2 protein chains.
Amino acid sequence: MPRKTTTTDRRIQKSKMALQESLLSLMQTNDFKEITITDIVLRANLNRGTFYKHYQYKEELLDEIVDDVITDLIASYREPYQHTDTFALKDLTSSAIKIFDHVEKNATFYTLVMKSRALSGFQIRIGNELKQLALQDLDNWQSNPDINYELYASYQAYAILGMIMEWIQDDYKYTAKYMAKQLLAFLQDRRMNTVYRTKRQMPHPTGLHQEGDRPDDIHAK
Amino acid sequence: MPRKTTTTDRRIQKSKMALQESLLSLMQTNDFKEITITDIVLRANLNRGTFYKHYQYKEELLDEIVDDVITDLIASYREPYQHTDTFALKDLTSSAIKIFDHVEKNATFYTLVMKSRALSGFQIRIGNELKQLALQDLDNWQSNPDINYELYASYQAYAILGMIMEWIQDDYKYTAKYMAKQLLAFLQDRRMNTVYRTKRQMPHPTGLHQEGDRPDDIHAK
DNA sequence: TTAAATAATGAACATTTGTTCAATAAAATT
DNA sequence: AATTTTATTGAACAAATGTTCATTATTTAA
């Protein structure tokens, strides 16, 4: 009969910790692609079988590390909401703004993951191309000296990439024409800067941190 | 003395073609991660050494396939500019809009690359998390029934991711505070919808298609 | 504190990878 | 058409991967 699994075995925790730290430290000096499982377990001082007991491949190990960063990202984003009872533009923007603090705090990690080719370059390449295209356009439009047009180009480029990602994940359930109209609507709609609403409970839909989450009242209306 | 390399050897072209087609067809049924070099060359009917003569790993082969898609992306984006001499909002938006046609045209490929875990999930995960966060906010603001807030959330989420990517690639040369201010400025600045400018020459800064590119007059002022 | 449960180990194994090299085939140049 | 250049082949190789299994060590639950 299997035991009722209340907490994870400390041996597992230790092993996973050692593996995570080993990978992170190897990534400081080596390209992710070049790091072997053997490298990781050697530095972690563990048997190779132990790695394979917990993960299929190193990407899975990296994913677990990413979990922690994302948890922190969410916490950062939520933080401004803690101190107020109503939504205001101030809250909305300041929570978005907290994300930059979070990235800065985890700068080492972000650089590591983004630059170390841990992710295949496809999205980055698409992003960069779109940015170049946007930049050429903006060249002809830019007039406001307070705006950093390199940043703005990247902002616009990834915004469109975001629409595309959503579109793909929904199996192209919209037409290209509909997508285009939505984009125009996004660029034109300014209303949200003026409306005020009352704050609601905020469930956490991602299921990332199952552990500490109380069920709360999801259906608050 | 080395020969003057004017065109690529037909044998190379054939081999590369066979490898590309092989990989694409394998990706229809198999997870990218699971496809081995041996699988690829078997289906391509080539020696394994031939693969390694041209590529280091399968990601590099995929990159070359991506090149073609990106070339088409750029062409699609540029297309609206071909028929006009001045920039207007109409051009700007219609060129952005052509991107959706391009994606729809290459839907099979996009789905393949985005869903087949060809890219490690990091960017997708960050994107999705940011989207969820944006969505919760928008829940409290949405008022315009013409706007698809799922799409809009993804749009906003990736827009911020775009700023972050730019920030990282520039080695955090701005402060978090500066990033935040820029974001606010982007959300508020509406000017570009009203300004008109004259059209300029458009160089192609990516170096993607070295082959067919005539040098032209890049420095046209 | 003891017994049961289970994680980690080390060794062995077939497979796959990445690399080399001389022989052969195909293409480009003259 | 003949010759030079170069890509592909096939075979062989060490190294790394992924998997297994009985043994040992550690942790948990009673």
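A polar contact here is a pair of N or O atoms within 3.5 Å; within protein, one must be able to donate a hydrogen and the other to accept it, and residues adjacent in sequence count only if both atoms are side-chain atoms. The model is predicted, with local features needing pLDDT of at least 70, side-chain atom pairs counting only at pLDDT 80 or more, and totals for chains, interfaces and linings using all residues. Residues are numbered from 1 along each chain as its sequence is written, chains are lettered from A and ligands numbered from 1 in the order in which they are written, and side-chain values use heavy atoms, with hydrogens and water left out.

With that definition, DNA strand C can be taken up. An N or O atom in the side chain of A:Thr50 is 2.7 Å from a phosphate oxygen of DNA strand C. H1 and H3 of chain A, together with H1, helix H2 (37-44) and H3 of chain B, each give two or more residues to the surface near DNA strand C. Helices (H or I, at least four residues) and strands (E, at least two) are DSSP runs, numbered from the N terminus.

A residue is near a molecule or strand if one of its heavy atoms lies within 4 Å of it. There are 21 residues around DNA strand C, and those that come nearest are A:Ser15, B:Thr36, B:Thr38, B:Arg48 and B:Tyr52. Sugar or phosphate holds 75% of the atoms of DNA strand C within 4 Å of the protein, and bases hold the rest. By class, this surface has 4 nonpolar, 7 polar and 10 charged residues. Ala, Val, Leu, Ile, Met, Phe, Trp, Tyr, Cys and Pro count as nonpolar, Asp, Glu, Lys and Arg as charged, and the others, Gly among them, as polar.

DNA strand D is surrounded by 23 residues, of which A:Arg11, A:Thr38, A:Arg48, A:Tyr52 and B:Ser15 are the closest. Of the atoms of DNA strand D that come within 4 Å of the protein, sugar and phosphate account for 73%. Phosphate oxygens of DNA strand D lie 2.7 Å from a polar side-chain atom of A:Lys14, 2.6 Å from one of A:Thr38 and 2.8 Å from a backbone N or O atom of B:Asn47. The surface near DNA strand D divides into 4 nonpolar, 8 polar and 11 charged residues.

One helix away from this description is H8 of chain A (residues 149-169), whose 21 residues reach 30 Å from first C-alpha to last, close to the 30 Å expected at 1.5 Å a residue; the expected span is 1.5 Å times one less than the number of residues. Of these 21 residues, 19 are buried, so H8(A) is largely enclosed by the rest of the structure. Buried means under 20% relative accessible area, exposed over 50%, and partly exposed in between (1.4 Å probe, protein chains only). At the start of H8(A), a side-chain oxygen of A:Asn148 comes within 3.1 Å of the backbone nitrogen of A:Glu150.

B:Ser22, in helix H1 of chain B, is buried, with a relative accessible area of 3%.
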